[in-house]
Amino acid sequence: MLDQVTKVHDESRQGEAFAPVTTDKQSYNKKFYIESYGCAMNFNDSEIVASILNKEGFGATRNVEEANLILLNTCSIREKAEQTVRKRLTEFHRIKKATPGLLIGVLGCMAERLKTKLLEEEKLVDMVVGPDAYRALPSLIAEAETGQKSVNVLLSREETYGDISPVRLDNNGVTSFVSIMRGCNNMCTFCVVPFTRGRERSRDAHSIIREATELFNNGYREVTLLGQNVDSYYWTSADDSETVTFAQLLEKVALINPLLRVRFSTSHPKDITDEVLFTMAKHENICNYIHLPVQSGSNRILQLMNRTYTREWYMKKVERIREIIPDCGLSTDIICGFCSETEEEHQETLDIMRFAAYDLAYMYFYSERPGTLAQRRYQDDIPEEVKKRRLAEVVEQHRKQSEINMKNDVGKTFKVLVEGTSKRSEEHLFGRNDQNKVIVFPRENFQKGEYVMVKVDSCTSGTLIGKAVQ
C-alpha cells in the first residue's frame with residue numbers, strides 16, 4: 001500500500017517502549033516490556049494491554065533485560081514497520097536463548113496478518129495476539145508458560161475495550177488519546193486495515209465520556225478522539241433508547257469542561273458532516289483542525305482507490321470547512337505513484353494541494369501490501385524512481401505552501417496549551433495552537449498544562465516562535 005493511510009504515524013515514537021507509571025505504588029513480581037509501532041491507535045492499544053497485564057501482576061519496565069515478557073505491538077500499514085519488527089524479534093530471540101522462561105509475543109495488525117508464519121515457520125515468538133484478543137492475554141500467557149505456542153487472532157464485531165481504563169503512557173501528562181471506535185468499513189483498495197482490525201464498531205458513548213472526564217480530573221488538558229474514521233461513529237444503546245452521532249459525542253466531550261481541549265482523528269471526506277463543522281464552530285475548546293486525507297487529486301485514481309468521492313466533491317468539502325470555520329487548520333495524506341498513475345494525474349494531485357493549501361501533509365509513495373484489494377486487482381506498474389521523483393515534487397509543493405502558511409501567522413496571537421520544555425532550549429516552552437501548529441516561547445513562570453496567549457513574531461518552516469502576552 002503506502003507508507004501510511006488513514007492513520008498518522010508519529011515517527012519520533014516508532015518503537016517506543018512503554019514506561020512504568022511513576023505514581024504506581026504497587027510492586028510486581030513479573031515485568032513486561034512492550035514496544036509500539038504504527039499509529040496512535042496502536043499506542044492506545046498498548047495502554048489497554050498494560051492495564052490488563054497490571055491486573056495479572058505484571059509491571060512495566062523499559063529495561064528489556066529484566067523482562068519476563070516481551071511484547072511488540074505491530075503495524076502492517078507499512079513495509080518498513082514490518083521489517084523493523086522482524087529485526088527486533090531476531091534480537092529478542094537471541095536474548096530469549098540466554099534467558100530461561102522469557103516469553104515473546106507479537107500483538108496487533110502484523111500478528112493478525114502473519115499469524116502462523118511468525119509462530120511455526122520462523123519460530124521467533126511464543127504468542128501471536130490480534131487487536132481484538134487482548135482480554136485473552138492472561139490465558140495465552142499461561143498456555144505459553146507450559147511450552148505451548150499460543151495464538152488468538154479472531155476478529156470481533158463487538159470488542160471495543162470500552163470498560164478498560166488504559167494505563168497511560170508516561171508521556172507529557174497533558175495530552176492523551178481516547179479510542180472511540182475500532183475497525184473500518186471503508187474498503188480502500190490500498191489499505192490492509194479492514195483485514196487486520198475488522199469491521200467498524202462504535203464504543204459506548206458513556207464510557208468515552210467517563211474516560212475523558214477521568215483524564216481531565218487527573219490533570220490532562222487535551223484529548224484526541226481516535227478512530228479509523230471517527231465521522232462514522234454511531235452508537236446505539238442496548239435497548240435502542242439512545243443513539244449518539246459523532247457530532248453529538250464531540251459536543252458531550254467538549255462540555256466536560258471548557259479547559260479540556262478536544263481534537264479528533266481521522267476523518268474520511270465522505271463522512272464529515274455540516275453538523276460536525278457547526279459543533280466545532282460552536283465550542284471554543286474543540287480545536288479548529290481537521291485531518292482530511294485526499295490521497296490523490298485524480299478522479300480516475302480515486303476511483304481505483306475506492307475512495308468514493310471525486311476531486312470536485314473534495315474541493316467543495318474544503319470550501320465548506322473554510323466557510324463554517326474560516327481559521328481551520330487542514331492536513332492530509334497523499335500517495336504518489338499508485339497503480340497506473342499518469343504524469344497528468346500526478347499534476348492533478350499537485351493542483352489540489354495548491355487549492356487546499358494544507359498546513360501539514362503526510363506524503364508517501366505507493367508500495368504494495370499483501371492482502372489488499374489493490375494487490376489482487378491491479379499491477380504495481382510505476383517504476384520506483386518515478387514514484388520517488390513524484391514524491392519529491394509533492395514534498396516540495398507542500399514545503400512552499402507550509403512556508404506561506406507559517407509566515408501568514410507571524411503577528412497573530414494564539415492560545416497555546418503548554419506541553420513541555422522545548423527540545424532546543426531549557427529556557428523555552430512549547431505547545432500547540434488550535435490549528436495544531438507548534439509554538440515555542442520563553443519559559444518565564446509558565447507551567448506545563450497551562451494555557452498561554454502567545455504572539456508570534458517569527459517562524460521556521462515547521463515552528464512558530466513568539467512571546468507570551470497579557
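Residues are numbered from 1 along each chain as its sequence is written, and side-chain values use heavy atoms, with hydrogens and water left out. In this predicted model, local features need pLDDT of at least 70 and side-chain atom pairs count only at pLDDT 80 or more, while totals for chains, interfaces and linings use all residues.

**The barrel**

Five strands form a closed barrel in the order β18-β19-β20-β22-β21, with mixed pairing. From one strand to the next, the twist averages 50°. Angles run from 0 to 180 degrees between N-to-C directions, and axes are lines fitted to C-alpha atoms, for helices over the stretch in contact. Strands (E, at least two residues) and helices (H or I, at least four) are DSSP runs, numbered from the N terminus. Two strands pair if DSSP finds at least two bridges between them. Strands of a sheet pair through backbone hydrogen bonds, either parallel or antiparallel.

β19 (residues 428-432) and β20 (residues 438-442) pair in the antiparallel sense over five bridges. They form a hairpin with five residues between them. In the turn, N436 has a positive phi of about 75°. β20 also runs parallel to β22 (residues 464-468), joined by two bridges. Bridge partners include these:

| Residue | Bridge partner |
|---|---|
| R432 | V438 in β20 |
| H428 | P442 in β20 |
| V440 | I465 in β22 |

**Helix α7**

Helix α7 spans residues 246-254. An α-helix has 3.6 residues a turn, so residues three or four places apart point the same way. The buried residues of α7 pack against α6 (205-217), β11 (222-226), β13 (243-245), β14 (261-265) and α8 (274-282). Contact here means heavy atoms within 4.5 Å.

**α8 against α10**

The axes of α8 and α10 (residues 311-324) come within 9 Å and cross at roughly 30°. That makes α8 roughly parallel to α10 (angles under 35 degrees). The crossing is right-handed, with the near helix turned clockwise from the far one by less than a right angle. D274, L277, F278 and A281 in α8 meet R320, I321 and I324 in α10.

How values were computed:
Buried means under 20% relative accessible area, exposed over 50%, partly exposed in between (1.4 Å probe, protein chains only). Angles under 35 degrees count as roughly parallel, over 145 as roughly antiparallel, 65 to 115 as roughly perpendicular and the rest as oblique.
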